[in-house]
Amino acid sequence: MSQGIPIFITAINMRAGLVIMSPLYPILKDQYNLSSFQLSFLTSLSVLCFAGGGLVMPLVAKIGNTNRVITFSLAMLSAAIFLRTVGNVSMLFVASLAVGIAISILNFSLPVWVKENAPDHSGLLTGIYITIMGIFAALSIAVAVPMAEATDWGWRFAMVPWLIIALVSTIWWLSKISKSTEPKREVTTAKFHMKLFSRPGAWSIAIFFGLQSMLFYGTATWLPTIFVSKGYSLFHAGLVVSITGLFGSLIGIAVPHYASRLKDIQLLLVLLGALIAISFAGMIFDSGWRLVFWLVIVNIGLATTFPLSLMLTVTRSYEASETRSLSIMAQSVGYLMAAIAPGIVGAIFDSTNSWGSALVFPAFLGALLGLVGYFAGKSEKIQI
């Protein structure tokens, strides 16, 4: 457990710094007169950076070893959250780009850090740091609206805790970790990436990662708004999304640890995809308190498929350099897919004026996730 403290600290702001905007969308929509499609770009721009991050990783690696890269990324995340807090509406979109670049580098770097520092406990550490991401994301959603309504600062006041956390995390890494004497790691070559693109196993992992990311970012962006449309107040909608997300994260903490002991996880991934699809279908037709039940199942599914998709980049590769390449491919392809999801859901709503119609899209993605999971969850290593 103590081995993972550096990445546990890093994980606190890796999702909270992004999803905190979603419960504030109704406020931002009224304040700046933005459409649902325009608001979706506050998420999509960041996720698009996640996709493009792999292209700059060879340049980022020149900063130094994995520890120094993570420290640099945390400093950039702090600056981005500061810009979002003090800037105007245009700066919101610029900050979304900066947040996306910083988190994308962290997304690629943390699995490599695990492979380098604790390869025998990759499942456990991955589950814990992903759970920390989920817990603080849920907390950020829960407190966003109350904080936005608490002072004259409005939605900007909701950014303050996450700015402070980002600064503290950066200072901790600067003082404790970044000066490590760990030798600089070899930078993965472009030729290595080209070989991966010809491997069906690598593509199955990348598409699986993309589908679960489409589900998360495409729905997390709009879930508070959807619950408001079904009769919940903005405060209660944020609270429900937060609590169910927290519950899902707590369930998901042990899944990678136990899944790593299985010969393969094909059937597990098929089951999770089916549950996600059924739950979104239930949210289309149901109402009242039963929506909470469906949301719990959705969050359990999403909170477990995400760490499992990261775990696959570790368990289906041989060495840290191969993990880096597979992680870059999976996240580049996957987040490129995910970047369009919030816009698609928002566009469906804008054209139909029905969140029920918009929810058909994630229900379909859940079914597809289970199908692709059957191939991604195989046990054999990917030969390079």
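Figure 1. Apart from neighbours within four places in sequence, the contacts of S327 are N107, F108, P111 and T313.

**Figure 2. S321, a partly exposed residue of helix 16.** S321 also lies in helix 16. Its relative accessibility is 28%, and S321 is therefore classed as partly exposed, since that class lies between the limits of 20% and 50%. Although 205 residues separate S321 from E116 in sequence, their C-alpha atoms are 9.5 Å apart in space.

**Figure 3. S279 in helix 14.** Helix 14 includes S279, a buried residue with a relative accessible area of 1%. When neighbours within four places in sequence are set aside, S279 makes contact with W294, I297 and V298.

**Figure 4. The nonpolar surface patch involving helices 14 and 18.** Five residues, L267, V270, L371, Y374 and F375, form a nonpolar surface patch of about 500 Å². At least two residues of the patch come from each of helix 14 (266-285) and helix 18 (355-376). Helix 18 provides the largest share, with three residues. V270 is located in helix 14 and is partly exposed, its relative accessible area being 30%.

**Figure 5. The salt bridge between D286 and R290.** The structure contains one salt bridge. It joins the side chains of D286 and R290, with an N to O distance of 2.6 Å. Side chains of opposite charge can pair when their charged atoms come close.

**Figure 6. F227 within the largest nonpolar core.** The largest nonpolar core comprises 110 residues. F227 is one of the residues with the most contacts inside this core, together with L28, Y129, M283 and Y335. Beyond four places in sequence, F227 touches Y232, A237, V240, M283, L291 and L295. In soluble globular proteins, nonpolar side chains tend to be buried together.

**Figure 7. Q38 in helix 4.** Q38 is part of helix 4, residues 36-60, and is partly exposed, with a relative accessible area of 36%. Leaving out residues within four places in sequence, Q38 is in contact with N33 and F93. The C-alpha atom of Q38 is separated by 43 Å from that of Q383, a residue 345 places away along the chain.

**Figure 8. Model confidence and the segment 183-192.** The chain has a mean pLDDT of 82, and 92% of its residues reach 70 or more. Where does pLDDT stay under 50? This applies over residues 183-192, for which the model has 19 contacts beyond four places in sequence. Where pLDDT is low, the predicted coordinates should not be read in detail.

Notes: Residues are numbered from 1 along each chain as its sequence is written. This is a predicted model: local features need pLDDT of at least 70, side-chain atom pairs count only at pLDDT 80 or more; totals for chains, interfaces and linings use all residues. Side-chain values use heavy atoms; hydrogens and water are left out. Patches are made of residues with over 30% relative accessible area and no salt bridge: like charges are joined within 9 Å, nonpolar side chains (Val, Leu, Ile, Met, Phe, Trp, Tyr) within 5 Å. Accessible areas come from the Shrake-Rupley method with a 1.4 Å probe; for residues, only the protein chains shown count as cover. A salt bridge is a side-chain nitrogen of Lys or Arg within 4 Å of a carboxyl oxygen of Asp or Glu. Helices (H or I, at least four residues) and strands (E, at least two) are DSSP runs, numbered from the N terminus. Buried means under 20% relative accessible area, exposed over 50%, partly exposed in between (1.4 Å probe, protein chains only). pLDDT is the predictor's confidence in each residue, from 0 to 100. Contact means heavy atoms within 4.5 Å. A nonpolar core is a set of buried Ala, Val, Leu, Ile, Met, Phe, Trp, Tyr and Cys residues joined through side-chain atoms within 4.5 Å.
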